[in-house]
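Subject: A structure for you to explore

Hello,

Here is the structure I promised to pass on to you. Have a look around in the viewer first, and then read my notes below.

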Amino acid sequence: MKELYRAGGFLDEGFVGQIAYTICLDQPYEELDIHFTFDKQHYSAATDELRQKIAKICMEKYHKNESDVTPEELDRLILHEAKTEIHIAAMMNDTFLGCVHRQLTDRHLHFTTEEATEGCIPQPSYSGVLKVIVLVFNVILDDTRYELSVSAR
């Protein structure tokens with residue numbers, strides 16, 4: 001496969017939004033692969049600072065008292081529930097190709113003329129303008145790196 005496009009960047013804690021990449025394909029292709037990765041999906045440790053931060057969020061958002069949230073519950077929320085959540089969607093000439101909502105930090109949207117990744121729609125050919133949308137729902141850590149590449153055959 002020939003790499004057609006590569007981009008990436010860093011996201012900071014609290015970022016929510018969409019980042020769109022528009023790629024004009026130089027010719028028609030029969031196979032297309034969109035590869036997306038990011039890091040820092042989970043906290044690595046439950047620190048006192050994080051416990052205080054999460055307890056404050058629980059009190060503000062869910063009207064809980066500090067005593068309502070046990071240290072064990074805070075640790076479970078920090079280590080198992082809190083996560084960076086980023087998905088990707090693709091369009092070709094304003095036609096929906098697919099969207100992957102899996103909790104993976106490394107994923108491919110792969111298309112041929114006959115088959116496509118689950119959640120995606122195969123096309124007879126891939127030509128024109130490809131738009132890849134990075135859908136960022138939550139970022140929990142500063143300097144979360146992401147990379148996007150588009151390859152075709």
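Let's begin at one residue. Asn93 has a relative accessible area of 43%, so Asn93 counts as partly exposed, and its place is in the loop between β4 and β5. Please keep in mind that this is a predicted model.

Asn93 is worth a look for its backbone too. Although Asn93 is not a glycine, it has a positive phi of about 50°. In general, most residues other than glycine have a negative phi. Asp94 is found in the loop between β4 and β5 as well, and Asp94 has a positive phi of about 65° although it is not a glycine either. How exposed is Asp94? The relative accessible area of Asp94 is 68%; a residue counts as exposed over 50%, so Asp94 is exposed.

Now to the inside

The largest nonpolar core has 30 residues. Leu32, Ile34 and Leu130 are the residues with the most contacts inside this core. Which elements give two or more residues to the core? They are the strands β1 (2-11), β2 (17-24), β3 (32-38), β4 (85-92), β5 (95-100), β6 (106-111), β7 (129-138) and β8 (144-152). In soluble globular proteins, nonpolar side chains tend to be buried together.

Aromatic rings

Phe111 is in strand β6 and Tyr126 in the loop between β6 and β7, 15 residues apart, so the pair links distant parts of the chain. Are these two residues buried or exposed? Phe111 has a relative accessible area of 0%, so Phe111 is buried, and Tyr126 counts as buried at 0% too.

A search of the whole structure finds four aromatic pairs. Elsewhere, Phe36, Phe38 and Tyr146 form one aromatic cluster.

The largest pocket

The largest pocket has a volume of about 500 Å³. Of the 20 residues that line this pocket, the closest to its centre are Ile54, Ile57, Ala82, Asn138 and Ile140. The elements that give two or more residues to the lining are α1 (48-62) and α2 (71-81). The largest share comes from α1, with seven residues. What kinds of residue make up the lining? They divide into 11 nonpolar, two polar and seven charged.

Gln41 is found in the loop between β3 and α1. With a relative accessible area of 12%, Gln41 is buried, because buried means under 20%. Not counting residues up to four places away in sequence, Gln41 touches Ala82, Lys83, Thr84, Gln103, Thr105 and Ile140.

Asp12 lies in the loop between β1 and β2, and at 42% relative accessible area Asp12 is partly exposed. Asp12 and Leu141 are 129 residues apart in sequence, yet their C-alpha atoms are 6.2 Å apart in space. Not counting residues up to four places away in sequence, Asp12 touches Val139, Leu141, Asp142 and Asp143.

Thr117 has its place in the loop between β6 and β7. The relative accessible area of Thr117 is 17%, so Thr117 is buried. Between the C-alpha atoms of Thr117 and Gly98 there are 8.4 Å, and the two residues are 19 residues apart along the chain. Beyond its neighbours within four places in sequence, Thr117 is in contact with Val100, Arg102, His108, Leu109 and His110.

Enjoy exploring!

Best wishes

Note on methods:
Residues numbered from 1 in each chain as written. Predicted model: local features only at pLDDT ≥ 70, side-chain atom pairs only at ≥ 80, totals over all residues. Heavy atoms only, no water. Core = buried A, V, L, I, M, F, W, Y, C linked by side-chain atoms within 4.5 Å. Buried < 20%, exposed > 50% of the residue type's maximum accessible area, 1.4 Å probe, protein only. Helix = DSSP H or I, 4+ residues; strand = E, 2+ residues; numbered from the N terminus. 1 Å grid on protein atoms, 1.4 Å probe; cavity = no way out; pocket = protein on both sides within 12 Å on 5 of 7 lines; lining within 4 Å. Points joined across faces, edges and corners; volume = space filled by probe spheres on them. Nonpolar A, V, L, I, M, F, W, Y, C, P; charged D, E, K, R; others polar. Phe/Tyr/Trp six-rings, centres within 6.5 Å; stacked < 30°, edge-to-face > 60°. Contact = heavy atoms within 4.5 Å.
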